[in-house]
Amino acid sequence: IRNNEMVEQLFEQYDISEVAHFAAKTHVGESMRNPGIFAETNVLGTFHVLDAARKHWMNGPFEPKAAYAASRFLHISTDQVYGPRVEGFADETHKYEPISPYAASKASSDLMVSGFHESYGMDTVILQATNVYGPHQQNDKLIPIILQKALSDSTIPVYSGGEDVHDWLYIDDFWRAADTVFHLGNAGETYIAGGDAPLKTLEIVEHICESLDRHFPGNDSYLNRIRFVEPAGGAKAPHRFAVSADKLKQQLEFAPEAGFDQGIRETIEWMLSKKRLWEVV
């Protein structure tokens, strides 16, 4: 998506009439080390896809071509655009307060999508998801890393005392939310999807260790391998990311079906079935 000519060619070649835009750079830590690629991919890349859709679907502002009158652009984003909160919950009416280049790039792409809706009349919707987890997740995310460290007899590193708080959304519920917003969301609107599961990082790690104790009981608990470490750059205050998904529930009658206990159990069982689990990142 950083190549605007290629994106425009693909719209023409495949006559793309609907877009679900997931493509993005996602790691907060990586965004701090290399912010430029996040700006190029998440901001400029999103613009390329939006503009290709505009050119392919529209005769002019608020004048869709007849064949694309029902075309819709779904943009996938993150709850991190609202930044951390000491108390309470952010919702779609709160202002953006990103605290990382990743979150800032996603906030910028959200505004780009909204700008195309307001300026050109494109049918756009935005879904902002909390932390998504589940089977098939890439190995450099929290849950796979903890499992890999534990099962390779390594210490289990937990940053900043494990006090950071995030909401967790199981992958099946995420897909249901995306499908619901794409088909039923109101044009120009933003919706937050959450799992109603705000948890500290330490709670996640302890849950995984206790599960491993049941699967692979030994003389010592995996909990004893937990080590508190400081991230590169030194200690930081813990962050609490908390959002309300009431709008999605009230307007589109969507609610997550998998509680965290069920979701994490299915995630761990799937990962335990994969030999690559024992490869240390």
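Reader: Is F22 buried, partly exposed or exposed, and what is its relative accessible area?

Author: This is a predicted model, in which local features need pLDDT of at least 70, side-chain atom pairs count only at pLDDT 80 or more, and totals for chains, interfaces and linings use all residues. Residues are numbered from 1 along each chain as its sequence is written, and side-chain values use heavy atoms, with hydrogens and water left out. Buried means under 20% relative accessible area, exposed over 50%, and partly exposed in between, with a 1.4 Å probe and protein chains only. F22 is therefore partly exposed, its relative accessible area being 34%.

Reader: How many aromatic pairs does the structure hold, and why is the pair of F22 and W175 called tilted or stacked?

Author: Rings of Phe, Tyr and Trp (its six-membered ring) pair if their centres lie within 6.5 Å; planes under 30 degrees apart count as stacked, over 60 as edge-to-face and the rest as tilted. The structure holds 11 aromatic pairs. For F22 and W175 the ring centres are 5.3 Å apart and the planes stand at 45°, so the pair is tilted.

Reader: How far apart in sequence are the parts that F22 and W175 tie together?

Author: Helices (H or I, at least four residues) and strands (E, at least two) are DSSP runs, numbered from the N terminus. F22 lies in the loop between β1 (19-21) and α2 (28-33), whereas W175 belongs to helix α6 (residues 171-184), so the pair ties together parts whose separation in sequence is 153 residues.

Reader: Which residue has its charged end over the ring of Y120?

Author: A charge sits over a ring if NZ of Lys or CZ of Arg is within 6 Å of the ring centre and within 35 degrees of the ring normal. K247 lies over the face of Y191, at 4.8 Å from the ring centre. Over the ring of Y120, 5.0 Å from its centre, sits the charged end of R54.

Reader: Where does E253 lie, and what is its phi?

Author: Most residues other than glycine have a negative phi. E253 is in the loop between α8 (246-252) and α9 (260-272). At 73% relative accessibility, E253 counts as exposed. Its phi is positive, near 55°.

Reader: Which residues have the most contacts inside the largest nonpolar core?

Author: A nonpolar core is a set of buried Ala, Val, Leu, Ile, Met, Phe, Trp, Tyr and Cys residues joined through side-chain atoms within 4.5 Å. The largest one has 44 residues, and those with the most contacts inside it are L127 and I143.
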